[in-house]
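Reader: I should like to learn how to read a protein model step by step. May we take one chain and go through it together?

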Amino acid sequence: MEGAVEVVPGRTMGLLAAQQAFVEADERFVAFIGGVGSGKTVAGAIKALRYVMEYPGAVGVVGAPNKTVLRDVTERTLRTLLPKEFGIKERKSDGVIEFPNGSEIWFRSMDDFEHRRGLYFF
Ligand SMILES: Nc1ncnc2c1ncn2[C@@H]1O[C@H](COP(=O)(O)OP(=O)(O)OP(=O)(O)O)[C@@H](O)[C@H]1O
Ligand SMILES: [Mg+2]
């Protein structure tokens with residue numbers, strides 16, 4: 001493990017060097033390409049959480065290739081990074097979690113682009 005980063009206020013985590021570089025990169029478009037089990041999903045989840053913490057009221061999409069991976073891997077990974085008493089609100093049937101600072105993460109499957117048309121985030 002290399003440096004520790006703040007995942008959300010009250011929770012820090014030690015990351016591998018490649019994860020840390022990805023998480024802390026502030027370029028608009030950043031990719032983390034790595035082998036199976038190299039920590040891509042965890043790093044992506046941490047990046048998403050840090051973003052919504054930094055920008056109160058932000059609405060962000062966390063995507064996965066299909067609904068099964070989204071539910072079983074992507075969404076589950078992100079939830080495990082949150083402290084138990086973090087105070088998120090669930091809009092389960094919408095696939096949305098709301099954070100105490102008014103930010104939201106929308107979990108969306110990316111296998112049907114037609115369903116994503118017209119969707120913009122600010
Ligand atoms: N910084 C870390 N500290 C401790 N455990 C970690 C860390 N990063 C990832 N892990 C653990 O390592 C395992 C693999 O991580 P992750 O699922 O993010 O990898 P991945 O690259 O997305 O894998 P895949 O190629 O299968 O999608 C998981 O069990 C995860 O909890
Ligand atoms: Mg993964």
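Reader: Leaving aside its neighbours within four places in sequence, which residues is Ile46 in contact with?

Author: The model is predicted, and this should be kept in mind throughout. To read contacts, one looks for residues whose C-beta atoms lie within 7 Å of each other. Once neighbours within four places in sequence are set aside, Ile46 has contacts with Val5, Val7, Val23 and Leu81.

Reader: What is the secondary structure of the chain, and which pattern does the chain follow along the sequence?

Author: One begins by listing the helices and strands in order. This chain has three helices and six strands, and they follow one another as β-β-α-α-β-α-β-β-β. The radius of gyration is 14 Å, close to the 14 Å that the globule rule gives for 122 residues, so the chain is as compact as a globular protein of that length.

Reader: What box do the C-alpha atoms fill, and what percentage of the residues is buried?

Author: Taken along the principal axes, the box that the C-alpha atoms fill is roughly 40 × 30 × 25 Å. Of the 122 residues, 17% are buried.

Reader: How many residues does helix 2 have, and what does helix 2 reach from its first C-alpha to its last?

Author: A helix can be checked by comparing its end-to-end distance with the value expected at 1.5 Å a residue. Helix 2 has 15 residues and reaches 21 Å, close to the expected 21 Å. Helix 3, residues 67-80, passes a similar check: its 14 residues should span 20 Å, and its end C-alpha atoms are 18 Å apart, which agrees.

Reader: Which residues touch the most other members of the largest nonpolar core?

Author: The general idea is that nonpolar side chains tend to be buried together in soluble globular proteins. Here, the largest nonpolar core has 14 residues, and Val23, Ile46 and Leu49 touch the most other members. Helix 1 (17-24) and helix 2 each supply at least two residues of this core. Helix 2 gives the most, with five residues.

Reader: Is Val62 buried or exposed?

Author: One counts the other C-beta atoms within 10 Å, and 20 or more make a residue buried. Val62 has 21 such atoms and is therefore buried. Val62 lies in strand 3. Apart from neighbours within four places in sequence, Val62 is in contact with Ala48, Thr74, Leu78, Ile105 and Phe107.

Reader: How many other C-beta atoms do Val5 and Met53 have within 10 Å?

Author: Val5, found in strand 1, has 18 other C-beta atoms within 10 Å and is partly exposed. With neighbours within four places in sequence left aside, the contacts of Val5 are Thr12, Met13, Leu15, Gln20, Val23, Glu24 and Ile46. Met53 lies in helix 2 and is also partly exposed, with 17 such atoms.

Reader: Which residues come nearest to ligand 1?

Author: To read a ligand site, one examines the residues around the ligand and the elements that supply them. Of the 13 residues around ligand 1, Val36, Gly39, Lys40, Thr41 and Val42 come nearest. Strand 2 (11-14) and helix 2 each supply at least two residues of this shell, and helix 2 gives the most, with three residues. By class, the shell has five nonpolar, seven polar and one charged residues.

How values were computed: Residues numbered from 1 in each chain as written. Chains lettered and ligands numbered in written order. Predicted model: local features only at pLDDT ≥ 70, side-chain atom pairs only at ≥ 80, totals over all residues. Helix = DSSP H or I, 4+ residues; strand = E, 2+ residues; numbered from the N terminus. Rg over C-alpha atoms; globule rule 2.2 N^0.38 Å. Buried ≥ 20, exposed ≤ 12 C-beta atoms within 10 Å, placed from the backbone. Expected span 1.5 Å × (residues − 1). Near = placed C-beta within 6 Å. Nonpolar A, V, L, I, M, F, W, Y, C, P; charged D, E, K, R; others polar. Core = buried A, V, L, I, M, F, W, Y, C linked by C-beta atoms within 7 Å. Contact = placed C-beta atoms within 7 Å.
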